[in-house]
Amino acid sequence: MDRLDSMRVFVAVAEEEGFAPAARRLSMSPPAVTRAIAALEERIGTRLLHRTTRVVRLTEAGARYLADCKRILGEIEEAEASAAGSHTALRGQIGVTAPVLFGRMFVAPALFDFLALHPRVSARTLLVDRIVDMLDEGLDVAVRIAHLPDSSLSAIRVGSVRRVVCASPGCLAARGEPRAPADLARLDTIGFSPTGSPEEWSFGSGSRVESVFPTSQLLVNTADVAIAAAVAGRGFARVLSYQIGPELRAGRLSIVLAAHEPPPVPIHVVHLEGRRAAARVRAFVDFLVERLRSEAWLSC
């Protein structure tokens, strides 16, 4: 059995979580599947699967190898389809990561529409509020809201967002509107930090940076809870401007201290391999870039 056939057998076993169901899917005998996996593990020199009497599970090395196998097999199918003249029929899997709320508001809707246009493409998402290693996680595309360091990744800027302080109309009526960052020291604030630890709020830029370390009765680790608390009148919250777009439009929140905001934060779509990326990845990147650039809340 050649390497590509071994990869196909391994993918089937991993996805079916068993040798017998994989054998049925591939129209092979269970012993032939078992021998193929054993030969593959011997050639690679590491165990790819944990076997029990009831179920088969991937090892850590197996999970990484599975992502590589799917990518390689997908690219081979894509190359064959292109050579046969059907290059418009994209196929294979795309792995996408983004911050949780950004992914929910913008990336997921774009991904749904892309998959509807390309039924032979599949996708998996990893929405987390931290920077992940795309190669280690087997991901193809990422949205990063940050100033990016130099790297081998290809990055396309699609917009920018502001770090804003907001409050509900009721909160502003009851407590008054702050005129300077120092005024926050006497006002109720909602602490928001993904790490769950209090963070200082910095305003301005260059030599005019002013930092405030507000004391908050409520400290939360997700933006949606901070926003909900602000809408409920619990105090002043600091979030990214796109995160409160619907609340601003509906009049449930207002931005304060706009003249003291730090510089906007850029948004990039990042992907691996540049022009050598698989056609499905390039197509999705183009689709996502166009969609994000059309979003009003991502243009400061």
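Author: We can start with the whole chain and then go to single residues. Keep in mind that this is a predicted model.

Reader: Fine. How many helices and strands does the chain have?
Author: The secondary structure comes to 10 helices and 14 strands.

Reader: What is the radius of gyration of the chain?
Author: The chain has 24 Å. A compact globule of 300 residues would be near 19 Å. Along its principal axes, the C-alpha trace spans about 75 × 45 × 35 Å.

Reader: And what share of the residues count as buried?
Author: 43% of the 300 residues.

Reader: Charges next. How far apart are the mean positions of the positive and negative ones?
Author: 2 Å. The chain has 36 positive and 33 negative charges.

Reader: Now contacts. Of those with a separation of 6 or more, what share comes from residues 24 or more positions apart?
Author: 72% of them.

Reader: Let's move to strands. Is E3 enclosed or open?
Author: Strand E3 covers residues 92-98, and six of its seven residues are buried, so it is largely enclosed by the rest of the structure.

Reader: Which strand is joined to E3 by seven bridges?
Author: Strand E4, residues 121-127. The two run parallel.

Reader: What stands opposite Gln-93?
Author: Ser-122, in E4.

Reader: Switching to His-271. Where is it found?
Author: His-271 is in strand E14, which covers residues 265-271.

Reader: Buried or exposed?
Author: Its relative accessible area is 8%, under the 20% cut-off, so His-271 counts as buried.

Reader: What does His-271 touch?
Author: Leaving out residues up to four places away in sequence, His-271 touches Met-134, Asp-140, Val-141, Leu-153, Ser-154, Ile-156 and Val-285.

Reader: Last one, Leu-298. Where is that?
Author: In the segment after helix H10, which is 279-293.

Reader: And is Leu-298 buried or exposed?
Author: Leu-298 is buried, with a relative accessible area of 0%.

Reader: Which residues does Leu-298 touch?
Author: Beyond those up to four places away in sequence, its contacts include Phe-102, Phe-106, Tyr-242, Ile-267 and Leu-292. Leu-298 also touches Val-158, Gly-159, Ser-160 and Val-161.

Reader: How far apart are Leu-298 and Val-158?
Author: In sequence, 140 residues. In space, 7.9 Å from C-alpha to C-alpha.

Definitions and conventions
Residues numbered from 1 in each chain as written. Predicted model: local features only at pLDDT ≥ 70, side-chain atom pairs only at ≥ 80, totals over all residues. Heavy atoms only, no water. Helix = DSSP H or I, 4+ residues; strand = E, 2+ residues; numbered from the N terminus. Rg over C-alpha atoms; globule rule 2.2 N^0.38 Å. Buried < 20%, exposed > 50% of the residue type's maximum accessible area, 1.4 Å probe, protein only. Contact = heavy atoms within 4.5 Å. Lys, Arg positive; Asp, Glu negative; His and termini not counted. Charge placed at Lys NZ, Arg CZ, Asp CG, Glu CD. Pairing = 2+ DSSP bridges.
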